[in-house]
Amino acid sequence: MKINIYYLTKDELGSLIDWHAKLEDRRGDRAQLRRASNPIEVVSSPAFHRFLSFMKTENPSYHSADKFPENKLMLLAIIVGLVARLKSESTVVFAKALGAGDRKYSETRFQQLLQSRDEDEFFRRMSLAIHFLKGEVSVKDMCECICKWYKEYKVPSKTHLSDQFKFQMTVNYYQLSSD
């Protein structure tokens with residue numbers, strides 16, 4: 001199985017959602033991951049290696065940490081560190097939640113999030129946004145947002161405007177979608 005280093009496969013996403021549901025019973029792991037202030041601290045935590053072990057159990061073809069391409073390991077660290085900050089599975093779309101309601105996330109902070117220049121800054125700004133939403137965000141939507149940002153950060157390419165991370169986040173934040 002070839003692992004796409006910028007996205008999660010359906011199997012990986014399903015396993016990650018299962019892991020997140022079980023994280024409630026592993027409060028020590030959740031606390032370790034929540035205390036991490038950047039992706040390197042996530043990778044350095046025992047909780048992250050238990051996550052990889054869980055993923056290998058769920059998907060036997062999964063790699064151990066030393067076999068992953070560096071980009072995939074960094075992507076997983078960002079995802080695991082941020083998903084650990086979420087509460088139980090929700091259907092709330094991240095950017096829509098930021099822009100909704102009387103007390104919406106400030107446009108300035110939202111724009112700073114979109115302009116994140118590296119993994120540490122993105123991780124920090126996403127953590128603040130998740131905290132603002134009290135962790136009530138869809139795990140699947142969070143993973144998709146992170147993967148899109150990471151791919152655009154690592155491989156800036158000419159994609160259709162409607163497929164770009166910033167465009168999709170902005171449409172959802174300002175509730176411009178047709179649904």
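Residues are classed by relative accessible area: buried means under 20%, exposed over 50%, and partly exposed in between (1.4 Å probe, protein chains only). By this scale Arg-27 is exposed, at 56% relative accessibility. The model is predicted, so local features need pLDDT of at least 70 and side-chain atom pairs count only at pLDDT 80 or more, while totals for chains, interfaces and linings use all residues. Residues are numbered from 1 along each chain as its sequence is written, and side-chain values use heavy atoms, with hydrogens and water left out.

Side chains of opposite charge can pair when their charged atoms come close. A salt bridge is taken here as a side-chain nitrogen of Lys or Arg within 4 Å of a carboxyl oxygen of Asp or Glu. The structure contains nine such bridges. One of them joins the side chains of Glu-24 and Arg-27, with an N to O distance of 2.6 Å. Glu-24 is partly exposed, its relative accessible area being 40%. Arg-27, in contrast, counts as exposed. Arg-30 also takes part, and salt bridges link Glu-24, Arg-27 and Arg-30 in a network.

Two further bridges lie within helices. Helices (H or I, at least four residues) and strands (E, at least two) are DSSP runs, numbered from the N terminus. Glu-121 and Arg-125 are both buried.

The second case is found in helix H9 (residues 139–154), where Glu-144 and Lys-140 are likewise four residues apart, about one turn of the helix. Their closest N and O atoms are 3.3 Å apart in a salt bridge. Glu-144 is partly exposed, at 33% relative accessibility. Lys-140 is partly exposed too, with a relative accessible area of 41%.

Glu-119 is also placed in helix H8. Its relative accessibility is 13%, which means that Glu-119 counts as buried. A polar contact is a pair of N or O atoms within 3.5 Å; within protein, one must be able to donate a hydrogen and the other to accept it, and residues adjacent in sequence count only if both atoms are side-chain atoms. The side chains of Glu-119 and Tyr-153 make such a contact, at 3.4 Å. Contact in general means heavy atoms within 4.5 Å. Neighbours within four places in sequence aside, Glu-119 contacts Pro-39, Met-74, Ile-78, Trp-149, Tyr-150, Tyr-153 and Lys-154.
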